[in-house]
Amino acid sequence: MSLFTPPLNRDMIGIIAGHYQQLMDEVREATRQAGREGQTVQVVAVSKYVDAPTTACMAEAGCRILGENRPQQLWEKTAWFQTHAALGADRHPVQWHLIGHLQRNKVRRTLPLVDLIHSIDSPRLAKSIAQSLEELDLRCDGLLEVNITGEDAKTGMPPEVAREVLESLIGASRLRIVGLMGMAAQHASSETCRRQFASLRNYRDAWQQEFDHPLPELSMGMSGDFTEGIAEGATMIRVGSRLLEGIRG
Ligand SMILES: *Cc1c(COP(=O)(O)O)cnc(C)c1O
C-alpha cells in the first residue's frame with residue numbers, strides 16, 4: 001500500500017528499491033568483514049539530488065531516514081510530505097536528518113522538522129541551536145562535525161574547537177550531542193579514508209572518556225567510501241548517488 005496520496009512512478013520506485021537492497025547487502029557484508037556482526041549501521045538516504053515526488057519514491061522503496069544538505073529544501077520537502085502523506089498508521093513514515101550547513105537565521109524554522117542534525121559546525125551555531133530549542137520548548141539530538149582532513153576547504157570544526165563545543169554542551173538538557181560526523185578527503189585512497197575515519201573514532205573515544213559523556217554515533221561514509229566508514233566503526237552512513245543511479249528527478 002502506498003504511503004502517499006498522489007500516484008508515484010512505480011518504475012522509479014522499483015529501480016531505487018533495487019539499489020537499496022544491493023546497498024543493504026553490501027552494508028551487511030562490510031559489517032561482517034569488520035567483525036561487527038549484529039551491530040546496526042543506519043543508512044541515511046541522501047535525497048538532495050531529487051525533487052519531492054522522487055524523494056517520496058525513495059521512502060516508498062524502503063528508505064526510512066532521509067538526509068538533506070540544504071535547510072530550504074528540507075522545509076519544502078517536509079511540507080510536501082505533510083500534504084501528500086496518506087492518512088493512517090503510516091502518517092509519519094520517515095525521519096529527516098540535516099547533513100549540511102545550517103545558517104543561523106534558518107535554525108528556528110528547521111528545528112521542529114528534524115530528528116538529527118549531523119552538521120553542527122561552529123560554536124556560534126551550537127549556541128544558536130541551544131537557545132532556539134529553549135525558546136521553542138523543544139529537544140533535539142546533534143552530531144559535531146569535525147574536520148578530519150586538515151584541509152581549509154573542508155567543512156567542520158578543527159578538533160580542538162569541537163572539543164570545546166562538546167565541553168560547553170555537557171549537561172545541556174535540550175541539545176544532546178550523541179556523536180561526531182566527518183568527511184574524508186575527496187578522491188582519497190582507501191587507506192587515507194580509513195586513516196581519517198579512524199581519527200574521528202579516536203576523538204570520539206577520547207572525549208567520551210574525558211567528559212564521561214556517551215557519544216555512540218559516528219556518521220562517516222558516503223557512496224564512495226561507506227565500506228571504509230563501516231570498517232572504522234561508522235554507525236551511520238550517508239548515501240545519495242548510489243541509490244539514485246539512473247534516476248533523474
Ligand atoms: C551529498 C552528501 C552526501 C552523499 O554523497 P553521495 O556521494 O552522493 O553518496 C553525504 N554527506 C553529505 C554531507 C552530503 O552533502
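## Basis of the model

The model is predicted: local features need pLDDT of at least 70, side-chain atom pairs count only at pLDDT 80 or more, and totals for chains, interfaces and linings use all residues. Residues are numbered from 1 along each chain as its sequence is written, and side-chain values use heavy atoms, with hydrogens and water left out.

## Helix α3

Helix α3 covers residues 71–84; helices are DSSP runs (H or I, at least four residues) and strands likewise (E, at least two), numbered from the N terminus. Its 14 residues reach 20 Å from the first C-alpha to the last, close to the 20 Å expected at 1.5 Å a residue, the expected span being 1.5 Å times one less than the number of residues.

Among the buried residues of α3 are Trp75, Trp80 and Phe81, where buried means under 20% relative accessible area (1.4 Å probe, protein chains only). The buried residues of α3 pack against α2 (52–60), β2 (65–68), β3 (95–98) and α4 (107–110).

## Nonpolar cores

The largest nonpolar core has 69 residues, and Phe81 and Ile117 are among those with the most contacts inside it. Such a core is a set of buried Ala, Val, Leu, Ile, Met, Phe, Trp, Tyr and Cys residues joined through side-chain atoms within 4.5 Å. Helix α1 (residues 10–33) supplies the largest share of this core, eight residues.

Not counting residues up to four places away in sequence, Ile117 touches Leu98, Leu102, Leu111, Ile129, Cys140, Asp141, Gly142 and Leu143, contact meaning heavy atoms within 4.5 Å. Leu143 is included in a second, separate core of five residues.

## Largest pocket

The largest pocket is lined by 27 residues, of which Lys48, Tyr49, Met183, Met222 and Arg238 lie nearest its centre. A pocket is an open set of points on a 1 Å grid over the protein atoms alone where a 1.4 Å probe fits, with protein on both sides within 12 Å along at least five of seven lines; lining residues have an atom within 4 Å of a point.

Key: Buried < 20%, exposed > 50% of the residue type's maximum accessible area, 1.4 Å probe, protein only.
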